[in-house]
Amino acid sequence: MLNRRILRVKAMQALYSYFTAQESLKDVVRERLESQFYPDPAKDDFAESDKFTARRKTAARLFIENLQQRSVAEETEEDVKDAAVRSIEAYHTELRKEQRNIRNVMVNDIADIHKLYFKLVALPLEFAHQEKLEKDKKEKAHIHKESAWRWHFIQNPVIDALTKHEPFTKGLIDLKLSWDEDADQIRTWYKDILKKDPVLIEYQSKEQPTDEEHKEAILHLFKKIIFKNDSINEFLSESDLHWTENKSVLKSLVVKTFQDYEKDLDPSYEMKEVITNKEDDMEFFEVLFDETLKKSKEWDDLIVKKVKNWDISRVALMDRIILKMALTEMMQFHSIPVKVTINEFIEISKLYSTPKSKQFVNGILDVLANELTSDGVIRKSGRGLIDNK
């Protein structure tokens, strides 16, 4: 489910951006509307400021109260009513543009994850190159002092096999990826971080590491250094605006690539796909994003009934988004078991929401899923599933 997990996370990020932008846009358009009802020093009498204040408040109220129905039925001053209606239309037009932009950004971001995945996988090669440069430099300087660092990255079979794996090397060329412009950064990481890491020092001190030890060294490099070191993560966050959100996805992809490496297999590597079937996967993303937006109010009404003594606005925005997405997935994708959907969104809540979100999301989704399935609203069909049409 890794690829679908990525798409769920991307849809969640897009929805979070949308709902955040929605509130900001509401304020911007309302303020723009109110600005039309301030007195003009050149022609208006400031003695009538109370009248302007009242008209301004009426316009703002009509705008907020009628955003959903997109029309104003209340009888009031014609120019105030017209201004409110124009603002409502302007708000929805700008919100549609924002929706398209956010979706396009997230689609492009999925492609960027693929690029960064390849670039991160290439890091061991860069460190092996740095190691060789250092070794050659010492040899040229005739420095023969015994060192605990035995240059095992140069001869590491996991790294060597990667340099011969055509899907990887071709991918770097096709995507125009390299660390050449960051050579100084790689050198700094190698000298100041890798060469001071106790686990790598122990690995490098071994006379002849086993194949498993070579592999474990690379896994340690990613699990405990690349994805955990503050300075490396700061650099990567500057390279990728969505690094914080994408980090867990990229870690899963990269670590699994090296975990699945088998020396005796041909090929010994399998490069992971962010998207395995572009058409189907993008349809999944778009339906999840678009239908969650379309049914947002309906889902709010369902959720609020299960949140005792709470107004829906008191539920954390991220939790509301996660619940709405889960409901959309249960309704729209008949071949995905309800339990899979619930488990996926519980995992996402653990990664991206509050510490108490796991229990909250689990409880609400479990109750809603049971009720909606019993009522025949959720219909599942396919191998191993009950078709309750």
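## Salt bridges and helix packing

Let's start with the charged pairs: the count comes to 33 salt bridges, a salt bridge being a side-chain nitrogen of Lys or Arg within 4 Å of a carboxyl oxygen of Asp or Glu. Keep in mind that this is a predicted model, where local features need pLDDT of at least 70 and side-chain atom pairs count only at pLDDT 80 or more, while totals for chains, interfaces and linings use all residues. Residues are numbered from 1 along each chain as its sequence is written, and side-chain values use heavy atoms, with hydrogens and water left out.

| Salt bridge | N to O distance |
|---|---|
| Arg8 and Glu329 | 2.8 Å |
| Lys26 and Glu23 | 3.4 Å |
| Asp211 and Lys263 | 3.2 Å |

Take Arg8 and Glu329 to begin with. Helices here are DSSP runs of H or I with at least four residues, while strands are runs of E with at least two, and both are numbered from the N terminus. Arg8 has 0% relative accessibility and so counts as buried; Glu329, at 0% relative accessibility, counts as buried too. For these labels, buried means under 20% relative accessible area, exposed means over 50%, and partly exposed is in between (1.4 Å probe, protein chains only). Arg8 and Glu329 also belong to a network of salt bridges that links them with Arg5 and Glu344.

Lys26 and Glu23 are a local pair: both lie in helix α1, three residues apart, so about one helical turn separates them. Glu23 is partly exposed, at 41% relative accessibility.

Asp211 and Lys263 bring us back to distant parts of the chain. Asp211 is in helix α10 (residues 211-226) and Lys263 is in the loop between α12 (243-259) and α13 (278-294), 52 residues apart. Asp211 is partly exposed with a relative accessible area of 39%, and Lys263 is partly exposed with 48%.

The axes of α15 (residues 317-332) and α16 (residues 338-352) come within 10 Å and cross at roughly 160°. Axes are lines fitted to C-alpha atoms, for helices over the stretch in contact, and angles run from 0 to 180 degrees between N-to-C directions. α15 and α16 are therefore roughly antiparallel, given that angles over 145 degrees count that way, those under 35 as roughly parallel, 65 to 115 as roughly perpendicular and the rest as oblique. In this pair, contact means heavy atoms within 4.5 Å, and the residues of α15 that meet α16 include Met318, Ile322 and Glu329. By class, this contact has 10 nonpolar, two polar and one charged residues. Ala, Val, Leu, Ile, Met, Phe, Trp, Tyr, Cys and Pro count as nonpolar, Asp, Glu, Lys and Arg as charged, and the others, Gly among them, as polar.

Helix α15 has another partner. Helix α14 (residues 296-306) packs against α15 at an angle of about 105°, with their axes 10 Å apart, which makes α14 roughly perpendicular to α15. Among the residues in contact are Trp299 of α14 and Leu323 of α15. The contact divides into five nonpolar, two polar and three charged residues.

Elsewhere, α2 (residues 49-65) and α3 (residues 78-121) pack at about 40°, with their axes 9 Å apart, and are therefore oblique to each other.
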